[in-house]
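Please look through the structure shown below, and keep it in view while the paragraphs that follow lead you from one part to the next.

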Amino acid sequence: MWFAELFNLVGWLAIAFSKNAWWLDIGRLSTGFGIGLLSYVVPVYIAEITPKNLRGAFTAVNQVTEKSLFALNRIL
């Protein structure tokens with residue numbers, strides 16, 4: 001997960017200090033790649049550390065929360 005956070009950090013720094021549209025696009029690409037990687041890795045990590053009887057509930061709550069917040073972000 002730290003690897004994905006590096007993409008997010010580089011992306012946000014590129015967005016914050018961009019002087020032209022090209023750097024803004026690079027920052028958005030890097031941030032999108034980091035979020036995509038986290039969206040894949042976090043449910044796998046949750047499934048590995050939770051007990052068998054709670055595994056489905058924990059991963060479902062994570063997915064529903066993530067997708068609901070993505071939808072809210074698109075609305076706003």
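Two residues are said to be in contact when they have heavy atoms within 4.5 Å, and helices (H or I, at least four residues) and strands (E, at least two) are DSSP runs, numbered from the N terminus. The model is predicted, and local features need pLDDT of at least 70, side-chain atom pairs count only at pLDDT 80 or more, while totals for chains, interfaces and linings use all residues. Residues are numbered from 1 along each chain as its sequence is written, and side-chain values use heavy atoms, with hydrogens and water left out.

Over residues 1-76 the chain is 86% helix and 0% strand, and its end C-alpha atoms lie 28 Å apart. The UniProt record, an unreviewed entry, lists residues 1-76 under "domain: Major facilitator superfamily (MFS) profile"; such annotations may be inferred rather than shown by experiment.

Two packed helices are described by the angle between their axes and the distance between the axes. Here axes are lines fitted to C-alpha atoms, for helices over the stretch in contact, and angles run from 0 to 180 degrees between N-to-C directions. Helix α1 (residues 2-16) packs against helix α2 (residues 21-49) at an angle of about 155°, with the axes 7 Å apart. That makes α1 roughly antiparallel to α2, a term for angles over 145 degrees. On the α1 side, the residues that meet α2 include F3, F7 and W12, and among their partners in α2 are W23, F33 and L37. By class, this contact of α1 with α2 has 13 nonpolar, six polar and two charged residues, where Ala, Val, Leu, Ile, Met, Phe, Trp, Tyr, Cys and Pro count as nonpolar, Asp, Glu, Lys and Arg as charged, and the others, Gly among them, as polar.

A search of the whole structure finds four aromatic pairs, that is, rings of Phe, Tyr and Trp (its six-membered ring) whose centres lie within 6.5 Å. One of them joins F7 and F33, which are edge-to-face (planes over 60 degrees apart), at 4.7 Å centre to centre and with 75° between the planes. This pair links distant parts of the chain, since F7 lies in helix α1 and F33 in helix α2, 26 residues apart.

Next comes helix α3 (residues 55-75), whose axis comes within 8 Å of that of α2 and crosses it at roughly 160°. α2 and α3 are therefore roughly antiparallel to each other. Their contact includes I35, V42 and P43 of α2 and F58, N62 and F70 of α3.

Notes
Parallel < 35°, antiparallel > 145°, perpendicular 65-115°, else oblique. Phe/Tyr/Trp six-rings, centres within 6.5 Å; stacked < 30°, edge-to-face > 60°.
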